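Visitor: Could you take me through one part of this model up close? I'd like to hear about the places where the chains meet.

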Amino acid sequence: MNSETSFKRPALLAAVLIVLIALPTIADATGYSALTSLATRILIYGIAAASLNLVLGYGGLVSFGHAAFFGIGGYVVGILYQHYSLEEPLFGFIPGTNQMLITLPAAILISGLAAAAIGALSLRTGGVQFIMITLAFAQMLFFLFVSLKTYGGDDGLIIRRTNELPGLNMRDKHTVYYVCLVITAAFFALLWRIVNSRFGNVLVGLRQSEKRMAAIGLPAYRYRLMAFIISGMGCGLAGALMANFLRFASPDMMHWTKSGELMVMVILGGVGTLFGPLIGAAVFIVLETTLASWTENWQLALGFILLFVVLYTHGGVQALVLRLAHRPENRNRFSESTMRRFKVLERPLRVRKDARRSNGKR
Amino acid sequence: MTQPILNVRGLVKRFGGLLATDHVDLTVQPGEIHALIGPNGAGKTTLISQLMGELKPNEGTVELAGQSLDALPTAQRVGLGLARTFQITCLLPDYTVIDNVALAVQVRQGHSFRFWKNVRADHSLRDEASTLLTGTGLEPRANELVANLSHGEQKQLELTIALATQPRLLLLDEPMAGLGHVESQQMIETLRGLKNQVSMLLVEHDMDAVFALADRISVLVYGRVIASGSVDEIRQNPEVRTAYLGEGDELC
Amino acid sequence: MTLFLEQLLNGVQFGVMLFLMAAGLTLIFGIMGVINLAHGSIYMIGAYAGTFVATETGSFWLGIPAALAAAALAGVVIEFLVVRRLYGRDHLDQVLATFGLILIFNQAVTMLFGRQPLFVQMPSILDGSVELLPGLSYPIYRLTIILVGLLVAFGLYLLINRTRIGMLVRAGSTNREMVRALGVDVRLLYTLVFGLGALLAGLAGFMAGPILAVQIGMGEQILITTFVVVVIGGVGSIRGAFFASLILGIVDTGLRAYLPGLLRQVMVGPEADALGAGISSMGIYLLMAIVLLIRPKGLFIRNS
């Protein structure tokens with residue numbers, strides 16, 4: 001079965017959740033209070049990377065422009081805040097706001113609309129053109145926001161205070177963390193439903209063989225577009241959270257390197273797995289932070305790590321760990337069902353593709 | 001005369017200077033098995049691809065039960081009752097056998113914009129897929145990944161998936177190719193059993209199978225139908241014997 | 001009118017630069033099926049190597065072989081160590097591995113040359129202008145770029161249409177399996193094509209030096225524009241890349257030259273300039289969107 005198994009390990013999931021809930025307390029108690037901020041960033045990037053993974057891992061569509069939606073989400077928060085603080089309505093009739101209950105849905109909506117437009121055009125092609133086109137559209141939006149002097153141009157927009165949520169003190173870093181944690185949990189639960197739904201079923205089917213799906217009567221375009229839109233909305237949500245967390249939105253959020261970073265997170269964690277991108281985001285951010293504290297030239301190291309992961313590990317960190325656990329001497333430590341689960345996870349897209357090719361040749 | 005289930009008129013497909021399909025006329029009557037034979041490179045698979053809408057013909061028309069298919073994409077043609085199997089099997093390798101069949105059932109049932117309910121716990125899909133697999137050699141293999149199936153099993157699955165779309169006309173692209181003797185016999189039996197449920201256009205090299213199953217045979221050579229008729233007529237046709245069957249008795 | 005002609009020439013000059021990049025990129029994709037993000041890094045390497053040698057020796061001319069050699073070498077090394085492992089892998093792996101290369105090269109160049117942009121002195125013979133038409137004088141250097149670009153385009157045309165290698169390249173871009181079946185040493189062909197693409201990128205990088213600043217990130221900027229060229233021209237088509245490069249070069253230059261002026265008639269100066277600059281940066285992408293609506297496979301690919 002190719003269905004997502006992670007949720008079927010409730011014990012592990014509960015343990016992780018408990019650690020995440022206790023994290024700010026632990027961080028303060030041990031004197032590493034920066035850990036809470038680090039974890040907040042990981043959660044937010046985890047949402048963005050998991051959204052990208054919906055099209056990239058489950059749908060097999062390599063989008064190189066998802067930072068656009070991340071940036072749009074951030075700018076929705078920033079622009080609404082600016083109009084709120086200046087007390088002048090946007091376009092003369094949309095009042096600004098600092099209420100998160102409004103800004104987050106607005107960010108999701110607007111980034112969804114942008115994804116609909118970009119996706120509708122980009123999905124007319126496929127393969128390498130799709131990569132180039134999504135990259136180009138993201139770059140276009142980048143230039144657009146750089147030129148919008150009203151909203152700070154390339155300096156970006158400062159959001160003086162994190163958006164308000166009724167009854168919560170959003171100036172407290174812990175509160176922001178818990179808000180992000182709740183949203184992340186809800187987001188992953190939703191994503192889990194989606195990838196195991198009828199919709200997810202055709203999406204994964206399309207990744208495996210578009211020809212087969214057409215032959216059973218499936219019109220591919222509309223499903224891919226829907227996946228692209230959902231994925232854009234997820235990135236918009238993450239961008240809105242990030243703007244709240246950093247109290248800043250800038251064109252850098254939609255720079256093409258950000259799209260690249262999101263892809264790196266996905267591949268680090270494991271393409272096409274539910275929690276892989278979250279793990280990937282954690283690995284990436286911890287790596288980035290650690291490397292940057294050692295050397296100014298951390299990008300050099302990151303580049304080599306990336307090369308290594310792509311060329312030599314098949315299926316990212318998650319699969320690497322599982323493979324290590326799967327070594328013969330460890331074999332009898334695991335039950336039959338666990339081993340079978342490994343087997344599925346161990347087969348990255350690429351290997352599966354090779355198998356398909358050799359099947360075809362037979 | 002009843003209305004044919006498939007009616008192809010003047011179909012032409014050019015690849016650069018090559019005429020892959022050369023003014024082909026072809027009909028399949030309801031309930032019949034119409035075999036299409038011809039040497040390698042005669043354009044049989046190209047023809048099927050055009051019938052399915054995967055390739056666009058340069059000229060000509062295709063009708064299914066009187067309805068023109070020319071402007072329709074593949075997916076809609078399937079919706080109207082056309083289904084095919086692939087010569088080189090084309091399955092979803094990361095899914096199990098039953099997943100593959102259930103997905104075809106799902107697509108047939110209507111749109112898939114349903115985001116919440118777990119598709120693998122959906123009885124309306126799983127039950128029907130199980131029923132379709134019942135009695136086939138795949139029944140005990142239902143939960144095996146497709147990538148682990150043998151070639152013969154994959155061929156069988158191709159057919160089961162096509163049937164899951166509830167077709168009125170089945171386009172079979174060399175269903176016996178690569179099968180052993182026993183497997184071929186099973187496939188022939190399966191197809192014979194389906195004869196009253198669905199019309200078929202059978203592309204096949206295995207002459208035993210063709211003569212065992214076909215009501216009518218058309219012979220395609222270099223993209224052209226050079227003969228069409230009953231099994232006996234084709235056997236006797238001198239043009240066919242020289243162009244394709246070859247003189248001598250090694251055939252039958 | 002003279003201003004218009006001048007802008008047109010600027011557009012053509014930008015266009016031929018894009019072509020030098022796009023030709024390699026589209027060939028590499030067409031023949032090997034690899035999307036190579038590091039193509040921009042090779043452009044940067046050519047620019048840095050050439051500019052460095054030119055500055056150290058005081059001779060612009062010595063910079064040319066240095067740029068070409070460094071770029072071709074970088075190309076062959078990249079092909080040999082990384083890209084060779086990516087043939088037949090999916091696009092995601094190719095994108096990520098070459099993205100990793102970008103990070104490595106950008107950081108390595110920063111470590112070697114620092115973050116300050118480099119500038120190269122043009123040789124006196126190319127410094128200055130000629131009067132093309134009465135009232136229209138145009139920098140010799142830019143004219144030289146146009147000339148070199150057109151010569152390269154013509155050379156590529158001959159190479160592809162008149163030689164055995166060209167025949168293989170053409171065959172390879174339409175049917176990869178066939179070239180393999182012909183018993184050609186595909187590895188050698190791939191390395192050659194990759195090296196040629198790298199050479200052209202390095203040439204473009206060095207020639208850009210005196211006009212633009214030689215700095216980190218220069219490669220990615222032109223790379224993304226080059227992608228737009230390749231998409232508009234049609235992936236794998238050199239002819240498409242040539243015409244799309246010129247069209248984009250002219251459109252982009254034209255928008256930058258005229259749009260702020262037009263906007264200034266309806267809004268205040270600085271805002272018009274900012275918005276004009278923004279929209280002109282977006283112009284080529286909008287053009288791409290329109291092309292995609294009409295011909296999703298690109299302007300110069302026949303729809304099958």
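**Where chain A meets its partners**

Guide: Let's start with chain C against chain A, where the contact draws 44 residues from chain C and 45 residues from chain A. Keep in mind that this is a predicted model. Putting chain C and chain A together buries about 4,300 Å², and carbon and sulfur atoms give 79% of that area. On the chain C side, C:L92, C:L96 and C:F99 lose the most area to chain A, together 14% of what that side buries.

As for charge pairing, the count of salt bridges between chain C and chain A is zero. Polar contacts do turn up: five residue pairs across the interface of chain C and chain A, both residues at pLDDT 80 or more. On the side of chain C that touches chain A, the elements giving two or more residues are α4 (91–113), α9 (218–233) and α11 (269–294) of chain C. The largest share of that side, 15 residues, comes from α4(C). Sorted by class, the side of chain C that touches chain A holds 32 nonpolar, six polar and six charged residues.

The rule finds three salt bridges across the interface of chain B and chain A. Polar contacts between chain B and chain A come to 16 residue pairs, both residues at pLDDT 80 or more.

Which parts of chain B do the touching?

Last stop, the nonpolar cores. The largest has 235 residues, and the members that touch the most others are A:F64, A:F137, A:M263, B:L157, C:M32 and C:M288. A second, separate core of 24 residues includes B:V24, B:L26, B:L36 and B:L51.

Note on methods. Residues numbered from 1 in each chain as written. Chains lettered and ligands numbered in written order. Predicted model: local features only at pLDDT ≥ 70, side-chain atom pairs only at ≥ 80, totals over all residues. Heavy atoms only, no water. Core = buried A, V, L, I, M, F, W, Y, C linked by side-chain atoms within 4.5 Å. Buried < 20%, exposed > 50% of the residue type's maximum accessible area, 1.4 Å probe, protein only. Contact = heavy atoms within 4.5 Å. Buried area = accessible area lost by both parts, 1.4 Å probe. Salt bridge = Lys/Arg side-chain N within 4 Å of Asp/Glu carboxyl O. Polar contact = N/O pair within 3.5 Å; in protein donor to acceptor, adjacent residues only side chain to side chain. Helix = DSSP H or I, 4+ residues; strand = E, 2+ residues; numbered from the N terminus. Nonpolar A, V, L, I, M, F, W, Y, C, P; charged D, E, K, R; others polar.
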